[in-house]
Amino acid sequence: MDDLISNAEYHVLRPAGPGGCTAVVRETSFLVIGNGEAYAVGRAGLALGESGSWTVDDGYRPVDAGTYGLDWGRDGGLLRISGTSTDPVVRGGSADIDCEW
């Protein structure tokens with residue numbers, strides 16, 4: 001899904017976690033920087049705030065490129081963002097995905 005005004009791309013990550021908790025990611029890029037935010041979305045379809053964020057060199061979009069990992073446990077998930085050797089993560093890089101609010 002794309003947002004044409006801000007050049008944002010949205011990704012719903014699968015599989016869902018415990019109780020239908022879902023990780024949703026928003027990625028943007030501008031010139032030489034890429035940014036991303038992750039949100040925990042509960043069964044009701046609401047996110048109550050950002051779960052984590054990251055910045056990547058050269059406008060790289062790690063989730064779009066598939067360079068991430070999402071592991072679910074009993075209490076939630078951990079999203080790990082990876083860059084590449086030429087497009088490293090320069091800030092952030094992980095998010096706790098927790099729909100227990």
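Before I turn to the structure, one term is needed: a residue is called buried under 20% relative accessible area, exposed over 50%, and partly exposed in between. With that in hand, take aspartate 58, which counts as partly exposed because its relative accessibility is 43%. Please keep in mind throughout that what you see is a predicted model.

Let me stay with aspartate 58 for a moment, since its backbone also deserves a look. This residue sits in the loop between β5, residues 50–57, and α1, residues 62–65, and its phi is near 60°, a positive value in a residue other than glycine. As background, most residues other than glycine have a negative phi, and most peptide bonds are trans.

Leucine 31 is another residue with a positive phi, about 55°, although it is not a glycine. Its place is in the loop between β3 and β4, and leucine 31 is exposed, because its relative accessible area is 70%. Valine 32 is found in that loop too, with β3 spanning 22–30 and β4 spanning 33–41, and at 55% relative accessibility valine 32 also counts as exposed.

Proline 15 belongs to the loop that lies between β2, residues 8–13, and β3.

I come now to the salt bridges, and how many of them does the structure hold? There are three. In one of them, the side chains of glutamate 9 and arginine 61 meet at 3.7 Å, N to O. Glutamate 9 lies in strand β2, whereas arginine 61 is in the loop between β5 and α1, so this pair ties together parts that are 52 residues apart in sequence. Both glutamate 9 and arginine 61 are buried.

Another bridge joins glutamate 37 to arginine 26, where the closest N and O atoms are 3.6 Å apart. Here glutamate 37 lies in strand β4 and arginine 26 in strand β3, so the parts tied together are eleven residues apart in sequence. Glutamate 37 is buried, because its relative accessible area is 14%.

There is also the bridge between aspartate 71 and arginine 80, whose side chains meet at 2.7 Å, N to O. Aspartate 71 is partly exposed, with a relative accessible area of 42%, and arginine 80 is likewise partly exposed, at 36%.

Notes. Residues are numbered from 1 along each chain as its sequence is written. This is a predicted model: local features need pLDDT of at least 70, side-chain atom pairs count only at pLDDT 80 or more; totals for chains, interfaces and linings use all residues. Side-chain values use heavy atoms; hydrogens and water are left out. Helices (H or I, at least four residues) and strands (E, at least two) are DSSP runs, numbered from the N terminus. Buried means under 20% relative accessible area, exposed over 50%, partly exposed in between (1.4 Å probe, protein chains only). A salt bridge is a side-chain nitrogen of Lys or Arg within 4 Å of a carboxyl oxygen of Asp or Glu.
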